[in-house]
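Q: I would like to learn how to read helices and sheets in a model. Where do we start?

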Amino acid sequence: MIFKRFYDDTLAQASYLIGCAATGEAIVVDPNRLVDQYLAAAEFEGLRITGVTETHIHADYLSGTRELSARSGARMYLSACGTPDWQYAFAADPSVTLLHDGDEIRVGNIVLRAVHTPGHTPEHLMFLVTDGAVASEPMGACTGDFLFVGDVGRPDLLEKAARVEGASDGAARELWRSLQLLAEYPDHLQVWPGHGAGSACGKGLSAVPQSTLGYERRYNWAFEPASEDAFVTMVLAGQPEPPRYFGVMKRLNREGPALLGTLPSPERIGEGRLAGLLERGEVVVDTRTAAEFAAGHLPGTLSLPLNKSFTNWAGSLLPYDQDLYLLMADASRMSVDAAVRNLVLIGLDRVTGYFGAEALGIWVAEGRALLQVPQVSVSELAAEREGKVVVDVRARSEWDAGHLPGAIHIPLPDLEARLEEIPEGSEVVMQCQGGGRSAIAASLLQARGRGAVANLAGGYGAWVGAGLPVDIPPGARRGAL
C-alpha cells in the first residue's frame, strides 16, 4: 500500500492519497480544491487516481472532489447517510456512487469501508482502511472531522454556521453514540484525522499529525465522560464562533463547487491606477505585515497580512460577489500565486489584479497623504481612558473569560455589520488577544471612514500581564490567554 498525507498549513487541513502498488490504482480522501498536488504525487508513484471521496460536507474549505474527478476521470464516492436536508445536490451525477454504512470501496487490493459516524455533521463517514495484500483487518482509519488527535469534531456548526436552529444538542448526542462505536476496534488502529491544530472544526486539536485509537482512548478528553449528558455538556462548552465564511462553504460544497480548472492569474496593474480603483470603491487588500500597514497605508485599503490567518480572515471579511485587488509587499509571481491559492481554497476566485508596494511611493509623490494606525500601549490606555472607546474584537468565549472594563464587544467577523454600535466623535481603540485581529479591525474602521482609530499593542494578553483590572463574569476561568 502506498500512503501519502497532504497538509495545508493555512487551513490546518489533511488529505490522503492511498494507492495499491500491485494494480496502480489510487483513491484520494478529502481533497481540497488545489488538485494538482494529488495528480503530481500519483504520477510520481506510478499510480492513476480512480476514486475520490470525502468524509463529509466540509465547512472550512471548498472540496476538491468534483475538481479531481473532472481532471482525472475518477469516480466520486459520496455519503448517502444523514438527513434529507444534508444530501449532495449533485448525487445524481453519473460519476457518483453513493455510500451507506458498511459499504466498501475497492482500490486494487485495498479496501475502504465506510462507517457512518454522525455528530460533526449528519452525513459524516469514517473510512476503515485495510491493505488486503497483507491483512484482513484495518490498519487505520481516515476519521475526517469525527475524531482528531486530542479532540473530536465540534457538533455545533450546523447551528452556528448553517443556521439550523437547535441542532447542537442533538448533534452532540449523535457524536457521543458515534464514539461508542469505536469500542469494537483495537488499540493499534491508526487515526488519520482531517485537521490539525489551528482548525476551527474543533476546539483543542493537537499538532501531532496522527495517532492510534488506544492512545486517544487514554488521553483524548472526549473519552473521559462517563455519561452522554456529561459529554454533551463538555463538547458544547467553549466552542469558538466559527468563521463567517463557513456557512458559504457548507452551501457550496453541498451544491457542488464550481470547477476551477487552472489557477486564476490576475494581471499586474500599473500602480498609478490604484487611486482610481479606490475612488470607485473597489476592494483593495493590503497583504503587507500589520506593522508595515500601521506605519503607512493607502486610505480605503483593508489590511489582511499574508500569514497563516490570511485565509480565515479573507473568508470572513471579503465579499464573494466583487472583484478583489491585492497590494503585495513582494509582487513576484510566486508570492501572488501563493495569495491566490489561499483565496481559491475558500472560493474567493475573483482576484482581478495586483499592485506592488511601489503604489505607496507614487501616492505620496502625487501629493497625497498615507494613513497610519497609532499603537497604544496598555499603560497609556490605563492612564487615560477618558474619551476613548475600547472595542474588543475577540470571540465570545474569550470575552466571557475576561475583558477590559467598559469595553464594547464586537467579534471581528461581525464588525462590518455593527459599525453603528461604535460611538462617533471619540477615539476608538481596537483590542484583541495579542494585537493581530485588532490591527485588521482598525484597518476596517479606517476604510469605512472612521478617523481617530488606534490599536492596543499586545492586546488583552499584555493588559493581564501588566496586572491591570479586568471584568470576569461569575464562574468564568480567569485570563484565558
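A: With a definition: helices (H or I, at least four residues) and strands (E, at least two) are DSSP runs, numbered from the N terminus. The expected span of a helix is 1.5 Å times one less than its number of residues. This is a predicted model, in which local features need pLDDT of at least 70, side-chain atom pairs count only at pLDDT 80 or more, and totals for chains, interfaces and linings use all residues. Residues are numbered from 1 along each chain as its sequence is written, and side-chain values use heavy atoms, with hydrogens and water left out.

Q: How many residues has helix 15, and what distance does it reach?

A: Helix 15 (residues 436–447) has twelve residues and reaches 17 Å from first C-alpha to last, close to the expected 16 Å. Gly 449, with a positive phi near 95 degrees, follows helix 15.

Q: Is helix 15 mostly covered or uncovered?

A: Buried means under 20% relative accessible area, exposed over 50%, partly exposed in between (1.4 Å probe, protein chains only). Ten of the twelve residues of helix 15 are buried, among them Arg 437, Ile 440 and Leu 444. Contact means heavy atoms within 4.5 Å; the cover includes helix 10 (310–317) and strand 21 (427–431).
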